[in-house]
Amino acid sequence: MPVRHPPAHILMTADALGGVWQYSLELATGLRQRGLTVTVALMGPAPSAAALAEAEAASGARILPTGLPLDWTAERPDAVLGAAAALARLARETGADLVHLHAPALALAAFDGPVVAVCHSCVATWWAAVGEGPLLDDLAWRARLAAEGCRAADRLLAPTRAFAEATRAAYGLSRAPEVVHNGRRWREALPEAEPAAQPAAQSAPHAFTAGRLWDRAKNAAALDRLAARLDVPLLAAGPVEGPNGERFAGKHLRGLGRLDTARMERELAKRPVFVSLARYEPFGLAVLEAAGAGCALVLSDIPSFLELWEGAALFVAPDDDAAAAEAVRSLLADPDRRAFLAEAARARAARYGADAMADGVLAVFSHLLGETRSRTLAKPLSGAAA
């Protein structure tokens with residue numbers, strides 16, 4: 001039974017361009033179930049009216065498209081600061097008791113109540129993984145705002161210990177953000193312990209990947225080279241062109257485009273071997289979805305993946321497409337081993353559920369709201385001696 005909280009109103013930001021959207025809807029659902037009122041301020045491009053209505057009905061949250069720019073697509077610092085100020089006004093207008101931001105730079109405004117910022121990703125840590133040399137000018141000012149926002153927020157959260165430490169190091173923070181794992185709400189209960197190996201039911205003889213293929217952090221070029229080495233298809237779900245103009249054009253991946261939730265579930269239900277050779281991934285919701293569906297995992301050996309999936313996946317270096325091809329081939333050739341790793345991934349995915357995520361975030365909220373109310377009660381009455 002979810003732990004309930006005294007009534008409070010949370011203003012949460014989100015965008016619909018990636019995993020933050022699913023995270024926000026899952027979290028909003030969990031907070032609503034725990035007795036909180038949630039308003040989602042949607043930033044950046046909005047999905048269709050039908051999709052928004054469906055999201056509101058599923059989450060129980062009020063979703064307000066704001067048209068405000070995202071911190072990573074804004075063209076100037078004042079656009080980010082203006083968005084932060086607009087969110088502070090919206091928090092006052094909606095009577096929010098606490099603001100939950102999906103980017104620390106948005107904390108740089110005069111909010112009336114406590115502010116929690118989630119470090120989902122950032123340009124400084126992204127560049128450290130995929131770039132060369134010092135930060136480009138267009139990224140440097142974004143990193144500066146992120147650093148200032150990290151210090152302005154009342155609490156910082158991150159989805160893994162690895163990314164929390166990377167964030168602390170990138171911005172010279174006195175302490176790392178608190179870790180609350182991302183989570184998904186599973187339609188069926190996942191196993192709590194790894195069962196014995198058994199033949200994989202309805203396992204498809206192909207590989208599969210998903211993500212923003214245009215983002216060089218996803219390392220789609222290595223996936224394309226991997227596809228050329230395989231005798232089976234490597235299907236790739238996700239956009240190939242980003243809002244910043246970056247584009248990926250592969251020769252060997254079989255692109256499926258952006259898939260909605262139902263289509264993604266159908267693809268994963270075939271239980272292909274799921275592959276991610278990402279160079280940078282603070283958490284990886286696509287991996288979690290694949291694990292929950294019972295897919296065997298082949299992952300890059302980056303710190304966040306090792307933290308989450310060690311013992312439940314095969315690991316290769318991000319640019320070693322030959323090793324990745326051998327790992328995929330070995331799993332396709334050995335149904336028993338593939339089934340064992342698939343069930344190990346399902347068991348591990350059970351640790352990263354939406355209830356655990358909501359409880360972790362709620363504990364942070366409760367502490368901050370308790371501090372706020374204590375300070376309010378401690379204020380002297382009007383006319384009393386201070």
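Visitor: Where is Arg271 placed in the chain?

Guide: Let's begin with how elements are named: helices (H or I, at least four residues) and strands (E, at least two) are DSSP runs, numbered from the N terminus. Arg271 sits in the loop between α8 (261-269) and β11 (273-276). This is a predicted model, in which local features need pLDDT of at least 70, side-chain atom pairs count only at pLDDT 80 or more, and totals for chains, interfaces and linings use all residues. Residues are numbered from 1 along each chain as its sequence is written, and side-chain values use heavy atoms, with hydrogens and water left out.

Visitor: Is Arg271 buried or exposed?

Guide: Buried means under 20% relative accessible area, exposed over 50%, and partly exposed in between (1.4 Å probe, protein chains only). With a relative accessible area of 12%, Arg271 is buried.

Visitor: Which backbone oxygen does the side chain of Arg271 reach?

Guide: That of Gly294, at 2.7 Å.

Visitor: Now a helix. Which residues of α6 are buried?

Guide: First the general idea: an α-helix has 3.6 residues a turn, so residues three or four places apart point the same way. In α6 (residues 161-171), the buried residues are Phe163, Ala164, Thr167 and Tyr171. Seen down the axis of α6, they fall within an arc of 105° (taken from the directions from the helix axis to the C-beta atoms), so they line one face of the helix. On the other side, Arg161 and Ala169 are exposed.

Visitor: What do the buried residues of α6 pack against?

Guide: Here contact means heavy atoms within 4.5 Å. The partners are α4 (123-130), α5 (137-152), β6 (155-158) and β7 (178-179). Just after α6, Gly172 takes a positive phi of about 60°.

Visitor: And where is Val232 found?

Guide: Val232 lies in the loop between α7 (220-229) and β9 (234-237). Its relative accessible area is 22%, so Val232 is partly exposed.

Visitor: Which residues is Val232 in contact with, leaving aside its neighbours within four places in sequence?

Guide: Pro205, His206, Ala207 and Leu332. Val232 and Leu332 are 100 residues apart along the chain, and their C-alpha atoms are separated by 9.4 Å.

Visitor: How many helices and strands does the chain have?

Guide: There are 13 helices and 13 strands. Of the 386 residues of the chain, 53% count as buried. Among contacts in the chain with a separation of 6 or more, 70% come from residues 24 or more positions apart.

Conventions:
A polar contact is a pair of N or O atoms within 3.5 Å; within protein, one must be able to donate a hydrogen and the other to accept it, and residues adjacent in sequence count only if both atoms are side-chain atoms.
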